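Subject: Structure handover

Hello,

Here is the structure we talked about handing over. Please open it and keep it beside you while you read.

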Number of protein chains: 2
Amino acid sequence: MSQPKKATLLIKNIGQLITMAGPVPRLGDQMKELGIIEDGGLAAAGDEILAVDKSDRVEGQIELAEGCEVVDAKGGVVTPGLIDPHTHPVFSRTREAEFEMRIQGKSYMEIAEAGGGIRSSVRDLRQTDSETLTAKTKKRLDRMLTYGVTTIEAKSGYGLSTESELKQLEIIRDLNSIHPVDMVPTFLGAHEVPDEYRDKRDDYIDLVINEMIPIVAEKKLAEFCDIFCEKGVFEIEASRKIMTAAKKAGLKLKFHADELASIGGGELAAELGAVSADHLVYISDAGIKAMAKSGTAAVLLPGTTFSLAGKQYAPARKMIEEGVIVAISTDCNPGSSHSESLPFMVSLAALQLRMTAAEAISAITVNAACAISRGGKIGQLMAGLKADAVVWDMQDYRELPYHYAVNLVSKVVKSGKLVKI
Amino acid sequence: MSQPKKATLLIKNIGQLITMAGPVPRLGDQMKELGIIEDGGLAAAGDEILAVDKSDRVEGQIELAEGCEVVDAKGGVVTPGLIDPHTHPVFSRTREAEFEMRIQGKSYMEIAEAGGGIRSSVRDLRQTDSETLTAKTKKRLDRMLTYGVTTIEAKSGYGLSTESELKQLEIIRDLNSIHPVDMVPTFLGAHEVPDEYRDKRDDYIDLVINEMIPIVAEKKLAEFCDIFCEKGVFEIEASRKIMTAAKKAGLKLKFHADELASIGGGELAAELGAVSADHLVYISDAGIKAMAKSGTAAVLLPGTTFSLAGKQYAPARKMIEEGVIVAISTDCNPGSSHSESLPFMVSLAALQLRMTAAEAISAITVNAACAISRGGKIGQLMAGLKADAVVWDMQDYRELPYHYAVNLVSKVVKSGKLVKI
């Protein structure tokens with residue numbers, strides 16, 4: 001008989017232990033259920049959770065390994081490590097000049113003519129060496145970790161050539177092997193049509209389908225394929241063509257859909273069995289119903305609307321009512337949403353999407369896990385799952401949206417280890 | 001001949017040294033002028049700035065004292081220490097339940113009936129001991145400091161009895177003597193009418209005028225007197241009466257004005273020569289002109305509109321055009337705006353008040369100093385002034401609004417000393 005495992009980490013004195021035990025995904029009213037244990041304790045052995053229970057029961061049933069790290073939560077809240085299911089973290093130059101142009105009333109076209117937009121990040125990425133890009137990306141991951149984020153989805157999409165797209169995905173792969181934050185890689189070659197293909201868009205689509213997707217799949221550099229399915233970028237038919245090819249190549253699907261106009265992106269994502277469709281500010285009622293039926297998660301990005309000073313936010317309440325899997329993300333990127341703070345998105349989810357604190361926490365834990373095909377593996381605190389947890393400097397989980405734009409994270413545990421931040 | 005002073009602190013390798021040298025206050029287009037020195041250096045002796053210049057000139061002209069602290073800004077931005085000119089930091093219980101009720105569509109009246117609002121903070125403050133209140137207030141000051149704030153205005157106003165108002169002001173006084181953040185104390189006995197005076201409002205006004213103001217002035221516990229001049233709270237005539245008495249007692253004046261409705265609060269503040277009028281979401285054009293003429297600073301609180309999910313923000317652009325002194329603050333308080341992050345208010349100033357990064361930085365430094373009668377003393381980096389400075393983890397000051405809801409502060413210097421945060 002094997003020895004019972006000894007705890008290498010113990011979190012005790014937890015006022016509200018938010019386990020998220022319960023349905024995966026959380027749909028409708030289930031999003032309000034956080035599986036709270038008051039006066040809780042959590043023990044981990046290695047990178048795995050060993051016990052989650054009332055504090056005294058955890059301490060009664062487990063033995064501490066020598067050198068076991070003991071964390072005092074001081075009566076505060078503990079949640080699963082947060083999951084950010086939509087980020088573009090690999091870029092060099094920031095685009096604050098564009099932000100200021102928008103504040104001063106410049107239009108999208110004027111900014112593009114002044115050299116702004118996604119294509120400016122493409123020009124920049126192509127001429128920046130991997131070492132510089134890696135260092136800047138690492139700094140973003142470090143900052144995410146300080147905000148309690150332990151897993152992210154990370155996209156390419158600023159290369160738009162085979163070589164530069166691979167460069168981004170290789171940076172993600174290499175950082176993934178050394179950085180505490182886990183990354184789920186997504187190929188986003190169809191983020192825009194690059195400058196050199198503006199007059200031959202079909203040739204670029206061919207390049208994505210016949211060269212990029214096969215190489216990315218063959219090298220196993222991405223788990224997902226994503227596309228900017230939008231009016232004037234990749235419209236429905238082009239999107240169907242690219243994403244069908246990606247699916248055949250064995251990639252799972254994500255969509256940037258219906259962000260600026262309602263063109264049926266949500267419907268297409270559902271039709272092709274995408275794991276998620278993201279943005280969805282202008283999704284149609286038919287799109288919502290289709291996504292509910294197909295089990296395609298909606299990743300909502302309220303920070304993007306906020307940071308573009310938009311008036312219209314995604315119809316989160318309608319999606320929750322219709323039974324769509326709703327997740328929340330930062331959309332961290334240099335153009336439309338430069339923030340690593342997933343907790344702040346909880347404030348926006350409350351104020352602008354009218355989600356309660358409990359619903360928003362579901363959306364950045366268990367449902368965010370589903371949006372990156374990790375449902376039941378992360379985003380919950382239960383014995384046997386990955387020991388990713390956040391100790392918060394708050395007494396009640398409802399402080400998270402309310403005490404806004406400050407960092408309430410006290411400690412982060414990643415894969416069973418206390419991360420020094 | 002006296003010896004030249006030796007530097008006890010040196011900040012070198014500053015990419016953009018934002019001195020704010022220039023007009024005090026900054027009016028209109030002057031708000032765009034930050035007095036930037038590229039490749040700058042800053043030396044301090046004791047709590048005073050010794051030299052501000054190009055890095056090599058500073059290092060060439062000053063001698064370092066033994067043990068001089070040398071800070072490498074790594075090519076980043078340095079600004080004056082930030083000034084938050086409107087806060088309510090002395091409270092115990094947080095009010096996240098009310099926040100959630102608002103998200104779920106509950107009205108102000110329903111929340112008040114459920115025991116919410118300012119009066120709930122009053123009940124709480126009265127029954128909380130000074131030690132607990134001091135510890136909680138100190139924690140807020142610590143957090144402000146991590147966000148680069150070195151001076152705040154701090155109000156009473158959750159006591160609403162002579163004893164409890166004095167208790168708050170004494171906590172501010174005592175913390176002021178031990179905490180790095182400087183506090184300018186404001187008496188806000190006229191924040192609301194307390195429960196026990198709801199049926200005899202005039203008696204409460206008498207109490208404020210004839211008992212509270214004289215004691216506060218006599219004990220020198222406040223430099224300013226503030227009032228919630230608003231429809232249904234203290235309207236124009238009651239406000240004139242109270243504030244005239246405060247002025248006679250030697251207190252300088254501040255107003256909560258025209259936050260919820262346009263009742264002439266801005267005009268009254270100007271008429272009585274108030275140093276500032278704050279909120280001003282619904283200020284009239286006449287009010288703006290009157291404030292420009294009287295030199296009454298406008299302290300705008302975009303976080304309050306944000307955190308109440310309001311649609312209407314103060315008319316900042318009109319005020320700037322009309323020559324009003326415009327400052328920005330958090331309004332840090334447990335009800336309508338629970339945040340210690342003044343940098344985040346810069347993001348809101350950009351996105352919602354349409355202020356450029358430069359204008360917003362003027363509004364939290366030199367103009368914020370004017371809003372608390374400290375113009376020319378703090379909020380600028382010039383030889384002879386107080387050595388309060390922030391070293392930022394950004395290369396361009398325009399990143400401040402753009403890279404939102406995260407903490408970009410790298411180091412804080414308060415009174416010439418590097419604060420460990």
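This is a predicted model: local features need pLDDT of at least 70, side-chain atom pairs count only at pLDDT 80 or more; totals for chains, interfaces and linings use all residues.

**Where the chains meet**

Start with the interface. Chain A puts 45 residues in contact with 45 residues of chain B. The two chains bury about 4200 Å² between them. Of that area, 57% is on carbon and sulfur atoms. On the chain A side, F306(A), Y402(A) and Y404(A) lose the most area to chain B. Together they make up 20% of what that side buries.

Four salt bridges are counted between chain A and chain B. One of them pairs D393(A) with K139(B). Their closest N and O atoms are 2.8 Å apart.

Which helices of chain A supply at least two residues each to the side that touches chain B? They are α2 (96–103), α5 (130–146), α11 (302–307), α13 (342–353) and α16 (399–402). The most comes from α2(A), which gives six residues. By class, this side of chain A has 20 nonpolar, 13 polar and 12 charged residues.

**F306(A)**

Look at F306(A) next. It sits in helix α11 of chain A. Is F306(A) buried or exposed? It counts as buried, because its relative accessibility is 2%, under the 20% cut-off. Leaving aside neighbours within four places in sequence, its contacts in chain A are Y313(A), F344(A), L348(A). For a sense of distance, take G41(A), which is 265 residues from F306(A) along the chain. The C-alpha atoms of the two are separated by 37 Å.

**Helix α13(A)**

The N-terminal end of α13(A) is capped by S341(A). A side-chain oxygen of S341(A) lies 3.1 Å from the backbone nitrogen of F344(A). Just after the helix, R354(A) takes a positive phi of about 60 degrees.

**The nonpolar core**

How many residues does the largest nonpolar core have? It has 224. F255(A) and F255(B) have the most contacts inside it. Click on F255(A) to see its surroundings. Beyond its neighbours within four places in sequence, F255(A) is in contact with residues including I227(A), C229(A), M243(A), L268(A), A269(A) and L272(A). D226(A), S239(A) and D278(A) are also among its contacts.

**A buried serine in a loop**

S156(A) lies in the loop between β7 (149–155) and α6 (162–178) of chain A. It is buried, because its relative accessible area is 0%, under the 20% cut-off. Its side chain reaches the backbone nitrogen of L188(A) at 2.9 Å. Not counting residues up to four places away in sequence, S156(A) touches residues including H88(A), E165(A), Q168(A), T186(A), F187(A) and G189(A).

**Backbone details**

Two cis peptide bonds are worth a look. In chain A, one joins V24(A) and P25(A), with omega about -10 degrees. P25(A) is in the loop between β1 (7–18) and β2 (36–45) of chain A. In chain B, the peptide bond from V24(B) to P25(B) is cis, with omega near -10 degrees. P25(B) is in the loop between β1 (7–18) and β2 (36–45) of chain B.

Then come positive phi values. S373(A) is not a glycine, yet its phi is near 60 degrees. S373(A) is found in the loop between α15 (366–371) and β14 (389–392) of chain A. At 24% relative accessibility, S373(A) counts as partly exposed. H279(B), also not a glycine, has a positive phi of about 80 degrees. H279(B) is in strand β11 (residues 276–279) of chain B. H279(B) is buried, with a relative accessible area of 4%.

Best wishes

How values were computed
Residues are numbered from 1 along each chain as its sequence is written. Chains are lettered from A and ligands numbered from 1 in the order in which they are written. Side-chain values use heavy atoms; hydrogens and water are left out. Contact means heavy atoms within 4.5 Å. Buried area is the accessible area (1.4 Å probe) that two parts lose on being put together, summed over both. A salt bridge is a side-chain nitrogen of Lys or Arg within 4 Å of a carboxyl oxygen of Asp or Glu. Helices (H or I, at least four residues) and strands (E, at least two) are DSSP runs, numbered from the N terminus. Ala, Val, Leu, Ile, Met, Phe, Trp, Tyr, Cys and Pro count as nonpolar, Asp, Glu, Lys and Arg as charged, and the others, Gly among them, as polar. A nonpolar core is a set of buried Ala, Val, Leu, Ile, Met, Phe, Trp, Tyr and Cys residues joined through side-chain atoms within 4.5 Å. Buried means under 20% relative accessible area, exposed over 50%, partly exposed in between (1.4 Å probe, protein chains only). A polar contact is a pair of N or O atoms within 3.5 Å; within protein, one must be able to donate a hydrogen and the other to accept it, and residues adjacent in sequence count only if both atoms are side-chain atoms.
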